Amino acid sequence: MADFGFNEHHQTEVINYMRFARSKRILRLKTIDSCFEELKDSRLVEETFTVDEVREMLDGLQVVVRGEVEMELINTAHTNVLLLRQLFSQAEKFYLRLQSDISELENRELLEQVAEFEKTDFKTTNKTNQETSKPKLAPLNEGGVSELLNKEIARLQEENDKLKSRLRTLESQAMSALDEKTKAERALKDLQKVQGDQQLAAHSQEISSLEDTVAALKEDYERSLNATAASQKDLQENLISAKHELLRVQEQLALAEKELEKKFQQTAAYRNMKEILTKKNEQIKEIRKRLQRYEPNE
């Protein structure tokens with residue numbers, strides 16, 4: 001420890017503080033380990049998990065571990081403040097003004113030396129010096145470091161109990177939410193199945209109705225087609241009958257005309273007119289002869 005410029009008394013005080021910090025660190029690490037073990041014992045009871053379940057467990061574990069680490073960092077900062085307060089109080093009794101260089105706290109070389117000191121000199125320090133040396137740094141309480149550790153352990157145990165209770169509550173809420181989700185999914189599947197059956201029945205009914213409509217239209221078409229064929233046949237028969245009737249009427253008309261002409265020729269007027277025409281023709285012939293005699297040139 002010569003590199004740090006500590007005498008035996010200061011070295012003993014540094015070792016005491018490092019032991020105190022180490023005990024708190026080990027206790028906090030055990031608490032974090034217990035969080036993982038508790039998660040394993042309480043949640044890892046099934047062989048398979050869904051992605052959502054794993055994400056939920058990791059999120060819950062993250063919250064717990066984050067709280068433990070954050071609490072340790074806060075307690076470490078507060079403990080350092082109390083240590084500085086003791087140093088400043090003792091320095092003021094001797095009218096000393098202490099100053100600190102914050103930049104040295106980030107000095108990697110010095111930090112590595114402190115880590116090496118913790119591994120070697122911390123274990124081989126003379127225990128006699130720890131017992132005979134009169135500490136100048138008075139502890140915060142009369143019980144000393146042990147009482148502080150006991151109080152810290154009690155506080156951590158209480159916080160651990162609260163976290164366990166909170167974790168059980170969160171697990172219960174998560175299980176309830178999972179049950180609700182399962183019920184909702186089951187209800188959704190049932191609803192989809194019912195809707196699918198209803199749609200299938202509606203489609204079947206619609207298809208049956210369309211088939212009936214097509215059958216009715218086909219029947220009407222066939223009936224209309226048959227009626228049209230029968231009407232056409234009747235029209236052809238009527239046309240043939242009309243032609244026969246027309247020929248018969250024409251024949252009767254021709255016979256009537258011949259009969260009428262025959263009857264007309266047998267009448268007295270017809271005979272007289274015929275005699276008159278014959279006389280007229282003879283007279284005309286006689287006149288022509290005379291003319292030819294008197295007018296030969298013409």
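Author: Start with the second largest cavity. Its lining residues divide into 4 nonpolar, 1 polar and 2 charged. Here Ala, Val, Leu, Ile, Met, Phe, Trp, Tyr, Cys and Pro count as nonpolar, Asp, Glu, Lys and Arg as charged, and the others, Gly among them, as polar. The model is predicted: local features need pLDDT of at least 70, side-chain atom pairs count only at pLDDT 80 or more, and totals for chains, interfaces and linings use all residues. Residues are numbered from 1 along each chain as its sequence is written, and side-chain values use heavy atoms, with hydrogens and water left out.

Now the terms. The search runs on a 1 Å grid over the protein atoms alone. A cavity is a set of points where a 1.4 Å probe fits but cannot get out. A pocket is an open set with protein on both sides within 12 Å along at least five of seven lines. Lining residues have an atom within 4 Å of a point. Points are joined across faces, edges and corners, and a volume is the space filled by probe spheres set on them.

Back to the second largest cavity. Its volume is about 40 Å³. Cys35, Glu38, Val64, Asn160, Leu163, Lys164 and Leu167 line it. Two or more of these residues come from each of α1 (8-43) and α6. The largest share, 4 residues, is from α6. Helices (H or I, at least four residues) are DSSP runs, numbered from the N terminus.

The count is 2 cavities of 30 Å³ or more. Gly60, Val63, Val64, Leu163, Arg166, Leu167 and Leu170 form its lining. At least two residues come from each of α2 (51-93) and α6 (144-265). Again α6 gives the largest share, 4 residues. By class, the lining of the largest cavity has 5 nonpolar, 1 polar and 1 charged.

Next, an open space. The second largest pocket has about 210 Å³. It is lined by 14 residues, and the closest to its centre are Glu56, Gly60, Leu61, Leu167 and Leu170. The largest share, 6 residues, comes from α2. The pocket lining divides into 9 nonpolar, 1 polar and 4 charged.
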